[in-house]
Amino acid sequence: MQMTEANARHHLNLLIQQGLVAVIGKRPAQGKGRPVLVYGLSEQAAGNNLTLLASALLQVWSNELTPLDYDQRLSQLASQLLAALSGDSSRPSSPHLTQRLYQAIRLLNQAHYAARWEAHALAPHMIFGRCPYLQIASTHPEICQLDRRLIEQLTGAPAEQIARLQPDRRGLSQCIFVLKKSTEKPRPTSTPRSP
């Protein structure tokens, strides 16, 4: 290809960063040295049928379930995703919403949401800079309810979506959820009576 090894390595790293190329194997080095890495198209570049499968599953649910049952299934699905992300299905334990928000952001970013939260006068906003379900969101907008359920389960607070794939100042799409005050009444704490 008439390029130096350093130049080839540079371009290869750019392709890896873009998710187009991945290491698919190793060959033993001829002589001393590290094994030779073998590169090929990444799964992302090669394509798969996961979008087709997810869309078909959601369509089956939509055809067979009542809206209430469908919502319950999305809640169960959110619980399963949360368990897979966090390693268990435990609910938020911190009494402080701020700590629960930071934990939620960390877990959501493991799932490629490019998430962050902002403090606002009335309630915090959870902002997703990336929709990992974008390929099926146009035909199945109810997938946003899965995101809402994830947020609610991660933070312990009710959430409402106020923006869906809305352009930000830079022209990039984002989804915004506002966290509401919980409608649950705080549990009474017992205080010892003085004699």
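Not counting residues up to four places away in sequence, Ala159 touches Arg148, Ile151, Glu152, Val178 and Leu179, where touching, or contact, means heavy atoms within 4.5 Å. This is a predicted model, so to speak: local features need pLDDT of at least 70, side-chain atom pairs count only at pLDDT 80 or more, and totals for chains, interfaces and linings use all residues. Residues are numbered from 1 along each chain as its sequence is written, and side-chain values use heavy atoms, with hydrogens and water left out.

Ala159 sits in strand S5 (residues 159-167); helices (H or I, at least four residues) and strands (E, at least two) are DSSP runs, numbered from the N terminus. Ala159 counts as buried because its relative accessibility is 8%, with buried meaning under 20% relative accessible area, exposed over 50%, and partly exposed in between (1.4 Å probe, protein chains only). Arg149 lies 10 residues away from Ala159 along the chain, and their C-alpha atoms are 7.9 Å apart.

Ile151 has its own set of partners: leaving aside neighbours within four places in sequence, these are Met126, Phe128, Gly156, Ala159, Phe177 and Leu179. Ile151 also belongs to the largest nonpolar core, which has 26 residues, and is among those with the most contacts inside it, along with Leu108, Tyr113, Met126 and Phe128. A nonpolar core is a set of buried Ala, Val, Leu, Ile, Met, Phe, Trp, Tyr and Cys residues joined through side-chain atoms within 4.5 Å. In soluble globular proteins, nonpolar side chains tend to be buried together.

Zooming out, the protein has 7 helices and 6 strands, running α-β-β-α-α-α-α-β-β-α-α-β-β from the N terminus. Of its 195 residues, 28% count as buried. Among contacts between residues at least 6 apart in sequence, 41% join residues at least 24 apart.

How far can the picture be trusted? The average pLDDT (the predictor's confidence in each residue, from 0 to 100) is 83, and 88% of the residues score at least 70. Confidence is lowest in helix H2 (residues 43-46), at a mean of 70, and highest in strand S4 (residues 125-128), at 95. Over residues 183-195, pLDDT stays under 50, and the model has 0 contacts there beyond four places in sequence. Where pLDDT is low, the predicted coordinates should not be read in detail.
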